[in-house]
Amino acid sequence: MRTLVHEYGGGEFLVRDGELFHVDLNQPGVQRSGSAGRRAVPGTLSLARYADFDLSRRGRWLVAVEEEHREGREAENRIVAFDLEAGGRRVVAAGHDFVSNPRFSPRGDRLAYLAWD
């Protein structure tokens, strides 16, 4: 397991309630491992890098830092949320030079993160 988000890595996995969410340099997207086996998290982009995960209290939403690199352009940094029940991905925050540390509130109804330009 390893990620290159922000070019230095770190935050490449989260273990919660018997589930492992992680990234691997040799596989695209985010992987989920647990009692149902190993599978990709739906909605992850194949060319994006992911790190710094948190899981909502009820386990429906997985949030992460997403960093997408494109030839000749600055990397795009976003906070994204993956719906683990219905599938899909939502962009929570975008347009900043740097984002990090997405965390759900103790009640699970709010999300905090760091961002700056």
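Visitor: What makes Phe-82 count as buried or exposed?

Guide: In this predicted model, Phe-82 has a relative accessible area of 0%. Buried means under 20%, so Phe-82 is buried.

Visitor: Which label does Tyr-50 get, buried or exposed?

Guide: The relative accessible area of Tyr-50 is 1%. The limit for buried is under 20%, therefore Tyr-50 is buried.

Visitor: Why are Tyr-50 and Phe-82 called an aromatic pair?

Guide: Their ring centres lie 5.7 Å apart, and rings pair if the centres lie within 6.5 Å. The structure holds 2 aromatic pairs, and Tyr-50 with Phe-82 is one of them.

Visitor: What makes the geometry of Tyr-50 and Phe-82 edge-to-face?

Guide: The angle between the planes is 65°. Planes over 60 degrees apart count as edge-to-face, so that is the label for Tyr-50 and Phe-82.

Visitor: Which parts of the chain does this pair link?

Guide: Distant ones: Tyr-50 is in strand E5 and Phe-82 in strand E7, 32 residues apart.

Visitor: Which residues touch the most other members of the largest nonpolar core?

Guide: That core has 14 residues, and those touching the most other members are Phe-21, Val-30, Val-41, Tyr-50, Phe-53, Leu-62 and Phe-82. Strands E2 (19-24), E5 (48-55), E6 (61-68) and E7 (76-83) each give two or more residues to this core. E5 gives the most, with 4 residues.

Visitor: What is Phe-53 in contact with, leaving aside its neighbours within four places in sequence?

Guide: The contacts of Phe-53 include Phe-21, Val-30 and Leu-62, and among them are also Gly-11, Phe-13, Leu-14 and Arg-103. A contact needs heavy atoms within 4.5 Å.

Visitor: How do you know that strands E9 and E10 pair?

Guide: Strand E9 (residues 98-104) and strand E10 (residues 111-116) share 5 bridges in the antiparallel sense. Two strands pair if there are at least two bridges between them, so E9 and E10 qualify. Phe-104 has Leu-111 in E10 as its bridge partner. The hairpin has 6 residues between the strands, and there Gly-108 takes a positive phi near 85°.

Visitor: How many helices and strands does the protein have?

Guide: There are 0 helices and 10 strands.

Visitor: Why is the protein called as compact as a globular protein of that length?

Guide: Its radius of gyration is 13 Å, close to the 13 Å that the globule rule gives for 117 residues, so the description applies. Buried residues make up 40% of the 117 residues.

Terms used
Residues numbered from 1 in each chain as written. Predicted model: local features only at pLDDT ≥ 70, side-chain atom pairs only at ≥ 80, totals over all residues. Heavy atoms only, no water. Core = buried A, V, L, I, M, F, W, Y, C linked by side-chain atoms within 4.5 Å. Buried < 20%, exposed > 50% of the residue type's maximum accessible area, 1.4 Å probe, protein only. Phe/Tyr/Trp six-rings, centres within 6.5 Å; stacked < 30°, edge-to-face > 60°. Rg over C-alpha atoms; globule rule 2.2 N^0.38 Å.
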